[in-house]
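Reader: I would like to learn how to read the packing in a protein model, one feature at a time. Could you take me through it with the model in view?

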Amino acid sequence: MYATVLQGSRPPVDVAVRPAPAVVAEVPVGLSGEDVASAARLDRAFRRMGYQLDAIRIGTAEVPPLFLAQVPHDLDDMPDPDSRKALFLRVMLPLVLAANEEIAEDRARLQSLLARKAARQSLTHPDQVWLKALAERYEVEDGDMNRLLARVDIVPPSLALAQAAEETGWGTSRLVRRSRNLFGHTADTASDETGMRQFGSLQDAVRAYLLNLNTHRAYDGLRRARMKARAKGHQPDGHQLADALRAYSERGEAYVGTIRSLIRRNDLVALDNARLGRVLPVRLASAGFAP
C-alpha cells in the first residue's frame, strides 16, 4: 500500500522548473507509438533492447536515454507486481539520472567559480550573471556561497525512486496519470479542485522534487547530512538521508520507515551508481527503430 497524499501534508512547492529538454516527448526517440501504448508493450520493448535492472545494478550496462512524458496508463493492469515495479523503476531511472546530471553540472561550475574567487581571480560578466541566476533559483539571497553550494547538489536515485514509488503507488495512482505528479506536490493554486500541482511531463515533476528538497527549509537537515557526507569523502546515501524527511508527510517517522523499507526491499541503493547512456542500445538500433 502507498500513502494517501493529503492536501497540505507536506510543504507546498512553487518553483520555476526549467523547460523540458527536447528528448522529453510523448513517444521518445527509439520507441514507437505502439511501444508506449500500454505497460505490457513498453515492458516488451525494454526487454527487447536489453534494458534490465539487474545489469544496471551490477554495473554491466548503462541506462538507455529514454525519457517518457508519462507513465503507462494501464500500469496497474500488469498482473505480476514485481514486473510492474520493475517497469516503473525503468521509466523513472533515466529521468532522475538526467535531472541529477543537470544539477551536477551546475555544481561543478559553481565550485570552479568559487575556487576562482578564493584565488582572488575576477569573474567574467557572464559568470556573474549565471551565479546570480543560480542563487535566485536556489533561494539564496544573502550571497552565502557555502549555503548555495550545500543546496546545489544531487539527490541519490535510491531516495527519489523510493519516494516516487510511495507517492504514486508504483505509478498507478490517478494523480500521476492525470497530472504527472510523482511526488505529491501541492500548490497554492491548481487548475482543478484537488489542490495538487500539475506538470507537463514526468521530467518537470522530477526537477521540481529535486529543487524542493534543495531549497525548502523543512529539508535543511537533509542538506546538512549530505554536506557532512561530502566533507568525509562519501557519496550521499539515500537510506541515511531519508531520516530527514519527517516533514514530507503527516505520517512523520512512519513515512521515513516506509521509504527506508522500500529502499532496502527493492535494492535501490544498487541503482545509485547507475550511469545514463548517451546512445540507444545496439539491440534497439538494430531492431529497425528510427534514429
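Author: What follows is a dialogue on the fold, the core, the helix packing and the aromatic pairs. This is a predicted model, in which local features need pLDDT of at least 70 and side-chain atom pairs count only at pLDDT 80 or more, while totals for chains, interfaces and linings use all residues. Residues are numbered from 1 along each chain as its sequence is written, and side-chain values use heavy atoms, with hydrogens and water left out.

Reader: How many helices and strands does the protein chain hold?

Author: Helices (H or I, at least four residues) and strands (E, at least two) are DSSP runs, numbered from the N terminus. On that basis the protein chain has 12 helices and zero strands. Of its 291 residues, 53% are buried, where buried means under 20% relative accessible area, exposed over 50% and partly exposed in between, with a 1.4 Å probe and protein chains only.

Reader: Which residues touch the most other members of the largest nonpolar core?

Author: In soluble globular proteins, nonpolar side chains tend to be buried together. A nonpolar core is a set of buried Ala, Val, Leu, Ile, Met, Phe, Trp, Tyr and Cys residues joined through side-chain atoms within 4.5 Å. Here the largest one has 79 residues, and Met-92, Leu-148 and Leu-159 touch the most other members. Among the elements that give two or more residues to this core are α1 (39-48), α3 (81-118) and α4 (125-137), and α3 gives the most, with 15 residues. Leaving aside residues up to four places away in sequence, Met-92 touches Leu-161, Ala-164, Leu-182, Phe-183 and Val-206, a contact being heavy atoms within 4.5 Å.

Reader: At what angle do α3 and α4 pack?

Author: Two packed helices are described by the angle between their axes and the distance between the axes. Axes are lines fitted to C-alpha atoms, for helices over the stretch in contact, and angles run from 0 to 180 degrees between N-to-C directions. For α3 and α4 the angle is about 125 degrees and the axes are 11 Å apart, which makes α3 oblique to α4; angles under 35 degrees count as roughly parallel, over 145 as roughly antiparallel, 65 to 115 as roughly perpendicular and the rest as oblique. Residues making the contact include Leu-110 and Leu-113 of α3 and Trp-130 and Leu-134 of α4.

Reader: And how do the axes of α1 and α3 cross?

Author: They come within 11 Å and cross at roughly 70 degrees, so α1 is roughly perpendicular to α3. Among the residues that meet there are Leu-42 and Phe-46 in α1, and Leu-87 and Val-91 in α3.

Reader: How many aromatic pairs are there?

Author: A pair of aromatic rings is described by the distance of the centres and the angle of the planes. Rings of Phe, Tyr and Trp (its six-membered ring) pair if their centres lie within 6.5 Å, and planes under 30 degrees apart count as stacked, over 60 as edge-to-face and the rest as tilted. The structure holds five such pairs. Phe-183 and Tyr-209 are stacked, at 3.8 Å centre to centre with 10 degrees between the planes. Phe-183 lies in the loop between α7 (174-179) and α8 (202-215) and Tyr-209 in helix α8, so this pair ties together parts that are 26 residues apart in sequence. Both Phe-183 and Tyr-209 are buried.
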